[in-house]
Amino acid sequence: MQNNISRTETDILKGVAIIMMLWLHLFLKESDIGNYSDLHFSNGLSLSYYLTRLCTPVSFFLILSGYGLAYLYNENRLSPRTQLPRLLKLYIHYWWVLLVFVPIGVFVKPEHYPGSLTDFFAQCVILEA
């Protein structure tokens, strides 16, 4: 397998995926846009509607991570010994983010955050309906 994409180019693609993720979270619903004026097409749907449907950052990250793992495999550098520090780093970052944002959520909306198990299950039922 020949490496056609450099690490810098994959970092650029990751940045594009992050921008897509921000767009998707900011303009997911028309009702959440507020005073934002958007270009509307003849079928009544807005430009933000189409852009949110085109923004699929998870698939970008999956393709890039699979590409990186395939590259490491072909270079014979893919082993549990080399991947364990990466998993540990990911796990540590997860807990740091959790430790930072849960107290912020409790401070901003103490009546709703972090919620209870009944709130969680009620929300799951609402999402399924």
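Below are my entries, starting with the ground rules.

**Ground rules.** I am working from a predicted model, where local features need pLDDT of at least 70, side-chain atom pairs count only at pLDDT 80 or more, and totals for chains, interfaces and linings use all residues. My numbering starts from 1 along each chain as its sequence is written, and side-chain values use heavy atoms, with hydrogens and water left out.

**Confidence.** I checked pLDDT, the predictor's confidence in each residue, from 0 to 100. The mean for the protein is 80, and 84% of its residues reach 70 or more. Helix α4 comes out highest, with a mean of 89, while α5 (residues 117-128) is lowest at 70.

**Fold.** I read off five helices and zero strands, so I looked up how they are called: they are DSSP runs, helices being H or I of at least four residues and strands E of at least two, numbered from the N terminus. From that end the order is α-α-α-α-α.

**Contacts and surface.** I took contact to mean heavy atoms within 4.5 Å. Among contacts with a separation of 6 or more, 52% join residues 24 or more positions apart. For surface I used accessible areas from the Shrake-Rupley method with a 1.4 Å probe, where for residues only the protein chains shown count as cover. The protein exposes about 10900 Å², and carbon and sulfur atoms supply 69% of that. Of the 129 residues, 12% are buried (buried is under 20% relative accessible area, exposed over 50%, partly exposed in between, with a 1.4 Å probe and protein chains only).

How big is the largest pocket? I get a volume of about 840 Å³.

I sorted the lining into nine nonpolar, seven polar and six charged residues. Nonpolar here covers Ala, Val, Leu, Ile, Met, Phe, Trp, Tyr, Cys and Pro, charged covers Asp, Glu, Lys and Arg, and the others, Gly among them, are polar.

The pocket search uses a 1 Å grid over the protein atoms alone: a pocket is an open set of points where a 1.4 Å probe fits, with protein on both sides within 12 Å along at least five of seven lines, and lining residues have an atom within 4 Å of a point. Points are joined across faces, edges and corners, and the volume is the space filled by probe spheres set on them.

**Single residues.** Is Gln 83 buried or exposed? Gln 83 sits in helix α4 and is buried, at 16% relative accessible area. Leaving out residues up to four places away in sequence, Gln 83 touches Leu 69, Leu 72 and Leu 78.

Thr 10, in helix α1, is also a buried residue, at 12%. With the sequence neighbours up to four places away left out, Thr 10 touches Ile 5 and Leu 64.

Val 16 is found in α1 and is partly exposed, at 35%. I put its C-alpha atom 9.8 Å from that of Cys 55, which is 39 residues apart from Val 16 along the chain.

Asn 76 is in the loop between α3 and α4. I noted its positive phi of about 60°, although Asn 76 is not a glycine. At 72% relative accessibility, Asn 76 counts as exposed.
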